[in-house]
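Visitor: Could you take me through this model one term at a time, and show me each time how the value is set against the definition?

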Amino acid sequence: MEWLSAENVVAVGTALLGIVASGVMVWYERRVPRRKRIGYRVQMDNPIGDDVRSGLANRRLGWFDEGPGMADATLVLLRIENDGSQGIDRDDYTGPERHGLTAVFTDRTVRGVSVTQPDDTDHLMDHFTADRGFGYDGNTLRIPRVPLNRGDHFKLLVLLSGGDVGRGIRLFGGIRDGEVHPNRSATPDEIPPMFSLPARLFTGLLTLSVLALAAIIVVRDDAPPPLGCAKGTLTVTGSTAFAPAIRTLAQEYEKECEGADIEVEARGSEAGVAELAALGARSGRRAPSVIAFSDGPMGDRWNLKGEKVAVSVFTLVVNDDIDLGPDGLTRADVKRLYAGGIRRWSDLDRYRPGRPRLPDLPVVLVSRDAYSGTRQIFQDRVLGGWEQAPTTSLDCAPPTRADRTVTRCELGSTEDVLDKVAGQPGAVGYSELTLAADHKSVRRVALDGEEASVQDIANGTSHYPYRGVEYAYTYRSAPAGSLAAAFLAYLDEGTSQGVIRDHGHLPCAREGAGMCA
């Protein structure tokens, strides 16, 4: 970004304007501290008689027509107000006379005066007495030393004769540390502005400068890339369960960091880690631009370096025809199924006394292949050993004739398992929790009476067993400045952890810290 860019000019100008304004305000506060001000406004100046040259009253009744001197009479409504920043006491009037203010009506004679005030300022009337100087003589009206709180006002309705409407009307008097001044507005009930015209102009100019700066920043998208951005290509492989979160993060990183190209190729945890190790061995000292994610640890082997990223939660799923109820299966039931000893769902009824009977459908075990981290965690955390039932089918379809062997198949991804379980009556499999929750025609299965819940696990209120840590592996340590190193650092940022959380995982840097440790 050049120094003479439009946004820099506006920003510097706005800053200088703010500095000058601050200096002016400091000077004003010191030189003119809390000024006392009395303002006055002529809110009405109307003719009554028909000898008033600048106005003509066509019809008059009663005293206006019959009273002496009404032929050239006028009515003036004068509003007097405290529009300063401080209250005014009787002692603040500095004139030598008993009264405090004097109103002069040029070329007219005062014939009578009526005083009005707001409902909440009844005390003002106590000051309008002859003893306190209230009176008139010729074209002069004497106004007492009336104390006025900030914002208080009163009005004088003055009957005049002998002159035209619009002739000069002036109010003067001495105010300690203040002044008497005319106000421009002549609207009867208008409230004077809180800020003066220069203050309003300055505020408007400052606001326009800020808006201009904001508009330039929004319209021009030439901001430098955020810290941690790197260019190049990166392949992310491994876990199919964690792949949706990684795809979203890769897309977000590419949006923020121009020149970064991240390809996600999920093919199973162990397959991805093995591929990374093979690439690293062939590349020698130069680390390949590959990150392999794994459900669970793969051990410190093949010169690989793993970082804990998040806790993933998994669940058993069954076809929608199998209703196991809220208690689901015990781990003992799951071991019986995956040992191959239960060929039909109804065979489980003898281990589930008092529970609804299960349908007489053949059991179809839909498993992941041996390269799957989801399977490794299932074996470690739920079965406590290997899946003992042998693979008997490639398409997961049970035999058409009675068979003494349970049907079991192996598939390459979490999505394949969910699709097969949804379409095959009697099927049971396992999946990452969020993917299973979004899939139709499958039921999630509770284990030992506990349902899979990310929130309960995060709160520490659940001992649900089927969960594990997601690892990110690189060949040795990712080189500083490389796209692999930058993307791993990006995973630890707050926005990235929010994405991981939205996909149903617990970031190790936040909610999952205790479990990752």
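Visitor: Why is F378 called buried?

Guide: A residue counts as buried under 20% relative accessible area, as exposed over 50% and as partly exposed in between, with a 1.4 Å probe and protein chains only as cover. F378 has a relative accessibility of 0%, so F378 counts as buried. This is a predicted model, in which local features need pLDDT of at least 70 and side-chain atom pairs count only at pLDDT 80 or more, while totals for chains, interfaces and linings use all residues. Residues are numbered from 1 along each chain as its sequence is written, and side-chain values use heavy atoms, with hydrogens and water left out.

Visitor: What makes the pair of F378 and Y466 a tilted one?

Guide: Rings of Phe, Tyr and Trp (its six-membered ring) pair if their centres lie within 6.5 Å, and planes under 30 degrees apart count as stacked, over 60 as edge-to-face and the rest as tilted. The ring centres of F378 and Y466 are 5.5 Å apart and their planes stand at 50 degrees, so the pair is tilted. F378 lies in helix α7, whereas Y466 lies in the loop between α10 (454-459) and β18 (467-475), so the pair ties together parts that are 88 residues apart in sequence. Helices (H or I, at least four residues) and strands (E, at least two) are DSSP runs, numbered from the N terminus. Y466 is also buried, because its relative accessibility is 0%.

Visitor: How many aromatic pairs does the structure hold, and why is the one between Y338 and F378 called edge-to-face?

Guide: There are twelve aromatic pairs in the structure. In the one formed by Y338 and F378, the distance is 5.0 Å centre to centre and the planes are 65 degrees apart, which makes the pair edge-to-face. Y338 belongs to helix α6 (residues 331-338) and F378 to helix α7 (residues 373-383), so this pair joins parts that are 40 residues apart in sequence. Y338, with a relative accessible area of 2%, is buried. Ring pairs also gather F314, Y338, F378, Y430 and Y466 into a cluster.

Visitor: How do you know that strand β12 is largely enclosed?

Guide: Six of the six residues of β12 (residues 290-295) are buried, so the strand is largely enclosed by the rest of the structure. In a regular strand the side chains alternate between the two faces of the sheet. Here V290, A292 and S294 point one way from β12, while I291, F293 and D295 point the other way, and all of them are buried.

Visitor: Which strands pair with β12, and in what sense?

Guide: Two strands pair if DSSP finds at least two bridges between them. Strand β10 (residues 232-238) and β12 have four bridges and pair in the parallel sense, with T237 standing opposite A292 in β12. β12 and β18 likewise have four bridges, but they pair in the antiparallel sense, and the bridge partner of F293 in β18 is A472.

Visitor: What makes β4 and β9 edge strands in the sheet of five?

Guide: The sheet is open, its order is β4-β7-β2-β1-β9 and its pairing is mixed. β4 (109-116) and β9 (178-182) each have a single partner strand, so one side of each is left without a neighbour in the sheet.

Visitor: What is noted about phi in D177, and is D177 buried or exposed?

Guide: Phi of D177 is near 55 degrees, a positive value in a residue other than glycine. D177 sits in the loop between β8 (169-172) and β9, and its relative accessible area is 58%, so D177 is exposed.

Visitor: And why is R476 called partly exposed?

Guide: The relative accessible area of R476 is 39%, which lies between the limits of 20% and 50%, so R476 is partly exposed. R476 is found in the loop between β18 and α11 (483-491), and phi of R476, near 55 degrees, is a positive value in a residue other than glycine.

Visitor: How many helices and strands does the chain have, and what share of its residues is buried?

Guide: The secondary structure of the chain comes to 13 helices and 19 strands, and buried residues make up 44% of its 517 residues.
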